[in-house]
Amino acid sequence: MIIDSHGHLVPPEFLAAIRKEHTRFPSLRFVEDGKSLALAFAGGKPSRPIMKGLSDVPARLAWMDREGIDRQVVGGWPDWFAYELPAAEGEAWCRLTNEAQLAAAKAEPRFVPLAVVPLQDGARAALVLKAAMAAGFPGVMISTLPRGIGSVLDAADLDPFWAAADETGAVVFIHPSFDSGDARVNDFGLANGVGRISDAIVAVSRLICSGHITRYRNARILVPMGAAGLPFVLGRLQRNAKVTSGLGDPGEALALLYTDSIVHDPRVLRFVLEMIGVDRVMMGSDMPFPIGDDEPMKVIAAAGLVPDQVAAINGGLAAKLFRIG
């Protein structure tokens, strides 16, 4: 079975649900211009308009057929995770999102959905995660910035969420944010080229140094894009741990992470495999976003791997990790 471990989907069912039930969310504002739709949460600036590809299920399935992909793991859209909402609204928003994702996966079983949780409140996030796991989700997709620019995933009040992930054995897919606050990447397309990497590498390095990765080792933490550069800086992180007391072990932590193949260069993929291991890397596309890989098996085929390794990356590991039968 060929499995794409990294896709995004905003099901048409969810768009219909938020229009029908928008009065439940007084802090939500629709921003519409013709056929485009953006959302503004709690008085903040509007999100990017939703792109057609996020909700075009027939086009997604046609692409999967062309690429020979049997199943795709799909999270939502981080722009609409709604961490800005007040906690009670955020919980209701996540539960509505999860209901729509499950309905979409039931209607089209080729999709394997990831839940969303209200990280603005660690205790509520734990409750929503446990409910999602009980409902059949294999895990959750979260963003690197739970409370906006400058916020961190290792905040003490998020410990209930991490404990719930550890208790349930959930996959925790840590996805970069759209805007991490570094204005230097706003030109030349660098928000996509390097901004996603710099955002994720800082967020996950904090989890490594704080000891979260090893403390909550039963959670299956996935850091996309070749582990967001972490294999390259492992030596520096290990040196930093020697000269800075009380930090988690970077080598032990890296060995516990999972990642995907979205690195666009077979030489880089071989390096990631050497540093992390074939049993930790899965094929991914990031569909439908342009910075992703719309022919995701090519980089794997070009990496000079043996057939068993190719089979593991193209679906064997993902089937186990995401509990795909």
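In which helix is the place of Val204? Val204 sits in helix H6, which covers residues 190-210. The model described here is predicted.

**Val204**

With a relative accessibility of 0%, Val204 counts as buried, because buried means under 20%. Beyond its neighbours within four places in sequence, Val204 is in contact with Ile174, Val223, Leu230 and Leu257. Val171 is 33 residues away from Val204 along the chain, and the C-alpha atoms of the two are separated by 15 Å.

**Strands E6 and E7**

Ile174, one of the contacts of Val204, is also the bridge partner in strand E7 of Ile142. Strand E6 (139-143) and strand E7 (residues 171-175) pair in the parallel sense, over five bridges. Between them the chain passes from E6 through H5 to E7, a β-α-β crossover that is right-handed.

In a regular strand, side chains alternate between the two faces of the sheet. In E6, Gly139, Met141 and Ser143 point one way, while Val140 and Ile142 point the other way. Residues on both sides are buried; five of the five residues of E6 are buried, and the strand is mostly covered.

**Helix H4**

Helix H4 has 14 residues (residues 122-135); at 1.5 Å a residue it should span 20 Å, and its end C-alpha atoms are 20 Å apart, so the two values agree. The N-terminal end of H4 is capped by Asp121, which places a side-chain oxygen 3.1 Å from the backbone nitrogen of Ala123. After H4 comes Gly136, with a positive phi near 115°.

Gly122, Ala125, Ala126, Val128, Leu129, Ala132 and Met133 are the buried residues named in H4. The buried residues of this helix pack against helix H3 (87-107), strand E6 and helix H5 (159-168).

**Ser261**

Ser261 lies in the loop between strand E9 (259-260) and helix H11 (266-276). Its relative accessibility is 1%, so Ser261 counts as buried. The side chain of Ser261 reaches the backbone nitrogen of Gly284 at 3.1 Å. Leaving aside neighbours within four places in sequence, the contacts of Ser261 include Gly284 as well as Leu269, Val281, Met282 and Met283. Pro296, Val299 and Ile300 are also in contact with Ser261.

| Side chain | Backbone nitrogen | Distance |
|---|---|---|
| Asp121 (side-chain oxygen) | Ala123 | 3.1 Å |
| Ser261 | Gly284 | 3.1 Å |

Methods
Residues are numbered from 1 along each chain as its sequence is written. This is a predicted model: local features need pLDDT of at least 70, side-chain atom pairs count only at pLDDT 80 or more; totals for chains, interfaces and linings use all residues. Side-chain values use heavy atoms; hydrogens and water are left out. Helices (H or I, at least four residues) and strands (E, at least two) are DSSP runs, numbered from the N terminus. Buried means under 20% relative accessible area, exposed over 50%, partly exposed in between (1.4 Å probe, protein chains only). A polar contact is a pair of N or O atoms within 3.5 Å; within protein, one must be able to donate a hydrogen and the other to accept it, and residues adjacent in sequence count only if both atoms are side-chain atoms. Contact means heavy atoms within 4.5 Å. The expected span of a helix is 1.5 Å times one less than its number of residues. Two strands pair if DSSP finds at least two bridges between them. A crossover is right-handed if, with the strands pointing away from the viewer, the path from the first strand over the helix to the second runs clockwise.
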